[in-house]
Amino acid sequence: MLNLALMYFANGKESKNEEKFKEAARWFRTLLMEDPAMAEPFFYLGQMHESGYGVTRDLKSAFQYYRKGAKLDHVDSLVKCGDFLYSGRGLPSFNSRKTGSIAARKDAAEAFKCYRKASEMGNSRGMNNCGLMLETGFEG
């Protein structure tokens, strides 16, 4: 079933066909109902929610899916989770008393943990992001 879901996802990207994406999302959700310990569907549902492929674009949902995949040691989910944590995208916001503006919470320390774990698994994006964080002054 995973291959079927991936086929619909790839076909949706290639043809920009929303119906293919919707079918992919349905299959990914079915997979998770059958096996909630399968990491790949979490990653792809995260991508779909991040980009609005066949579902409503929702960064909070995207982050939640990436985080679930990361907890299952899915390397691409770890990197995406790190990206969201570092940038604050999809994370709860807070009202800054100093400026009066709404700002996203960022968590560089947690982002670094995600990147480091991905690095240890041999992921080049994780390695690059760890290096960039250290180069710019993060003391991991």
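Buried means under 20% relative accessible area, exposed over 50% and partly exposed in between, with a 1.4 Å probe and protein chains only. I am reading a predicted model, where local features need pLDDT of at least 70, side-chain atom pairs count only at pLDDT 80 or more, and totals for chains, interfaces and linings use all residues. Residues are numbered from 1 along each chain as its sequence is written, and side-chain values use heavy atoms, without hydrogens and water.

**Cysteines**

I looked up Cys114 and found it buried, at a relative accessible area of 9%. Cys81 is buried too, at 1%. Are they bonded or too far apart? The two sulfurs lie 4.1 Å apart, too far for a bond. A disulfide needs two cysteine sulfur atoms within 2.5 Å. By that rule I count 0 disulfides.

**Helix α7**

Helices are DSSP runs (H or I, at least four residues), numbered from the N terminus. I checked the length of α7, residues 124-135. The expected span is 1.5 Å times one less than the number of residues. For 12 residues that gives 16 Å, and the end C-alpha atoms are 16 Å apart, which agrees.

Which residues of α7 are buried? I noted Gly126, Asn129, Cys130 and Met133. An α-helix has 3.6 residues a turn, so residues three or four places apart point the same way. On the other side, Ser124 and Glu135 are exposed. The cover over the buried residues includes α5 (75-87) and α6 (108-120), with contact meaning heavy atoms within 4.5 Å.

Just after α7, I found Gly137 with a positive phi of about 110°.

Note on methods: Helix = DSSP H or I, 4+ residues; strand = E, 2+ residues; numbered from the N terminus.
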